[in-house]
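Good morning, everyone, and thank you for making the time. I would like to walk you through a structure that may be new to you, so please have a look at it first.

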Amino acid sequence: MLNSDVPSNPRSVDTQGAGRATARRAGTGPYLDEVGGTGAAHTPVWFMRQAGRSLPEYRELRAGSTMLEACFDPEMTCEVTLQPVRRHGVDAAIFFSDIVIPLAAAGVDIDIVPGTGPVVAAPIRDEAGVAALPDLTPDRLEKIGEAVRMVVAELDPQVALIGFAGAPFTLASYLIEGGPSRNHEHTKSLMYSRPDVWHSLMSKLADLTTVFLRAQIDAGVDAVQLFDSWAGALSLRDYRSMVLPHSTGIFADEVISTVPRTHFGVGTGELLGAMGEAGPEVVGVDWRIPLDDAAGRVPGKVLQGNLDPAMLFADRSALDSEVRRILDEGARARERGARGHVFNLGHGVLPATDPGAVTHVVELVHELTGK
Ligand code: CP3
């Protein structure tokens, strides 16, 4: 570049004049155009858990390091984030990290155990446990910011970079249960027995989540997704009183609300309306309800989803007809008031998925929806 005043990448332009590089690319590339509600050149497509175990190049790179080490190693994080973009041609990259990283960064004794997931050394089940939960200061996330800046510098500006965090309920479940849980019994027990302790834990977790998302936005992610993966375990009544106010506070944050926001959970068909009220532009839908049905539950939102991850194991003709069905339902969702459709899975890519099936879906979505 001859003129040193012109940044080589439009993403690095500082529009705020305060060291921030956010909200500088409203509507550039299919993903940002679609979530911005203006419609895109083709239906954008990316996959939850696209960065990770289904890719041989990921397994090779990760050999010999733990998941936590990888998440605090900017070069590795950057490379893993870019791998699925290179291989599949997706319209968005998801920043490689994990929902428990803000907890680990704050000093909580937590590990990510292969084949199991997050495991907490001392589960939090009472007032003293909540009081002992450390705060997260931004200086503990320097490696995260560094990694985001590296991705931003390398990523094609037409491809959006999505940052993410776990929502307070899903984080609370790991902290209270001590690890993955089918029934969330300790979590629900605390919620019902000690609502005061529950709400103070949830507000601390909302603060941690806010710091984690702000760090990613300050470093240049284009959009964010808040994963409340296990919220579907709750009734709508409990979700509204015990969870929604905390998630709403995160979306309303003055920094977080400068970028397009997605809210996602599994088995949340009955909660979609409330999850939409939390404030995101985009609501994730799993495979249990059709997109055109979801459109009636979250009026005026962009919908994201909703291919069953197991379909990536089916033969090509079955897979293709599912992709077509979802695109048709996405089009009908638009007719029913949805502001757009981002093609994705209903949950994450499963580890044993053939990467070729993932690439195939990207090509098919682009081919069928290109104008
Ligand atoms: O989506 C992406 O590709 C970006 C990276 C990402 C990871 N975890 C990497 C990861 C994202 C967005 C997450 C989010 C996450 N982590 C969620 C919410 C999304 C969801 O799937 O519901 C949850 C609940 C977690 C907690 C967690 N971390 C689980 C359940 C696991 C899997 C455990 C296992 O091994 O089966 C992890 C570990 C993890 N996070 C891996 C990856 C690539 C696998 C660990 C490894 O490769 O060593």
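I will begin with the ligand and then turn to a few individual residues.

Please keep in mind throughout that what you see is a predicted model.

Let us start with where the ligand is, which is in the largest pocket. There are 27 residues around the ligand, and those that come nearest are Arg49, Tyr58, Gly115, Ser229 and His347. If we sort this shell by class, we find 15 nonpolar, eight polar and four charged residues. In terms of elements, helix H2, which covers 56–62, and strand S3, which covers 117–120, each contribute at least two residues to the shell.

On its own the ligand has 860 Å² of accessible area, and the protein covers 91% of that.

Arg49 sits in the loop between helix H1 (30–35) and H2, and it counts as exposed because its relative accessibility is 54%, which is over 50%.

His184 also has a positive phi, of about 55°, and is not a glycine either. The loop that holds His184 runs between helix H8 (168–177) and helix H9 (185–193). Is His184 buried or exposed? It is buried, because its relative accessible area is 4%, which is under 20%.

There is a cis peptide bond as well, joining Gly305 and Asn306, with omega at about -10°, and Asn306 belongs to strand S8, residues 302–307.

Let me finish with His246, in helix H11, which spans residues 236–252. His246 has 12% relative accessibility and therefore counts as buried, and its side chain makes a polar contact of 2.9 Å with the side chain of His199.

Technical notes:
Residues numbered from 1 in each chain as written. Predicted model: local features only at pLDDT ≥ 70, side-chain atom pairs only at ≥ 80, totals over all residues. Heavy atoms only, no water. Near = heavy atom within 4 Å. Areas by Shrake-Rupley, 256 points an atom, 1.4 Å probe, with all protein chains shown as cover. 1 Å grid on protein atoms, 1.4 Å probe; cavity = no way out; pocket = protein on both sides within 12 Å on 5 of 7 lines; lining within 4 Å. Sits in = over half its atoms within 2 Å of the grid points. Helix = DSSP H or I, 4+ residues; strand = E, 2+ residues; numbered from the N terminus. Nonpolar A, V, L, I, M, F, W, Y, C, P; charged D, E, K, R; others polar. Buried < 20%, exposed > 50% of the residue type's maximum accessible area, 1.4 Å probe, protein only. Polar contact = N/O pair within 3.5 Å; in protein donor to acceptor, adjacent residues only side chain to side chain.
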